[in-house]
Amino acid sequence: MTIPQARIVSRTACEQCRMCTDLCPRYLLGHHIEPHKMMRALSYNLEDVSELKIAQLCCECNACELYSCQANLHPKTVNVLYKQKLAEQGIRYQPTQIEFKPREAREYRLIPSKRLIAKIGLTSFDKPAPVTQLEFRPESISISLSQHIGAPAVPVVAVGQQVNAGQLIGKIPDNSLGAAVHASFPGTVTEVSDNSIVIKVGSYV
Ligand code: SF4
Ligand code: SF4
């Protein structure tokens, strides 16, 4: 279903039973999110989104769409629509408290995994999947020096150097935020560039 279709169906068919709110994990943790009110706002086509800032409390877990709503409506999608409208107008939810107490009903409203799996049609895939131990030993490995949004690591090894598994091969640049890089296998460094370090896997200890 496309977002415009979800919008039309949600607008016309919500019966305001509030199951989406009562089972919402964020609501049960004590946050003031109430997706059924977003559905109501959509039905009445409320234009003043400044009163609908609670949409920003939705973490888009999708429990309301995949499980809670017995009418198969789209409260999460409606939350997302209002989040977009709020973002366009530069409006942000400001919490009025810093500590949240889970609602007393929470322990009775947790979603059973088996029921969720059945609801989304995955029961036939819910089989035992034991782990098989395999020894993985590649001939060589290329380790990226930039594996996140921080500064790329700076190489601290040179071509021809032997390294052990777990040994530091790239350090965090001075005065920067980043992450150090370590060898995942023992071996000989065969290539060092600004982007990566290549290690020919050996058996150095
Ligand atoms: S979206 Fe579904 S669960 Fe939420 S109030 Fe409407 S009908 Fe009920
Ligand atoms: S998608 Fe949002 S509104 Fe729906 S259950 Fe998750 S947090 Fe609650």
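The lining of the second largest cavity comprises 8 nonpolar, 2 polar and 3 charged residues, where Ala, Val, Leu, Ile, Met, Phe, Trp, Tyr, Cys and Pro count as nonpolar, Asp, Glu, Lys and Arg as charged, and the others, Gly among them, as polar. This is a predicted model, in which local features need pLDDT of at least 70 and side-chain atom pairs count only at pLDDT 80 or more, while totals for chains, interfaces and linings use all residues. Residues are numbered from 1 along each chain as its sequence is written, chains are lettered from A and ligands numbered from 1 in the order in which they are written, and side-chain values use heavy atoms, with hydrogens and water left out.

A cavity is a set of points, on a 1 Å grid over the protein atoms alone, where a 1.4 Å probe fits but cannot get out, and its lining residues have an atom within 4 Å of a point; the volume is the space filled by probe spheres set on the points, which are joined across faces, edges and corners. Of the 13 lining residues, Cys24, Ile33, Cys58, Cys61 and Cys64 lie nearest the centre. Helices H3 (25-28) and H6 (75-88) are the elements that give two or more residues to this lining, helices being DSSP runs (H or I, at least four residues) numbered from the N terminus.

In total, the structure holds 3 cavities of 30 Å³ or more. The largest has a volume of about 130 Å³, and its lining numbers 15 residues, with Cys14, Cys17, Cys20, Cys69 and Leu73 closest to its centre. Here the elements giving two or more residues are helix H2 (19-22) and helix H4 (35-43). By class, this lining has 10 nonpolar, 3 polar and 2 charged residues.

What takes up the space of the largest cavity? It is ligand 1, with more than half of its atoms within 2 Å of the cavity's grid points. Around ligand 1 (a heavy atom within 4 Å) stand Cys14, Glu15, Gln16, Cys17, Arg18, Met19, Cys20, His36, Met39, Cys69 and Pro75. H2 and H4 each give two or more residues to this shell, which divides into 7 nonpolar, 2 polar and 2 charged residues.

After H4 comes Asn45, with a positive phi near 55°.

Key: On a 1 Å grid over the protein atoms alone, a cavity is a set of points where a 1.4 Å probe fits but cannot get out, and a pocket is an open set with protein on both sides within 12 Å along at least five of seven lines; lining residues have an atom within 4 Å of a point.
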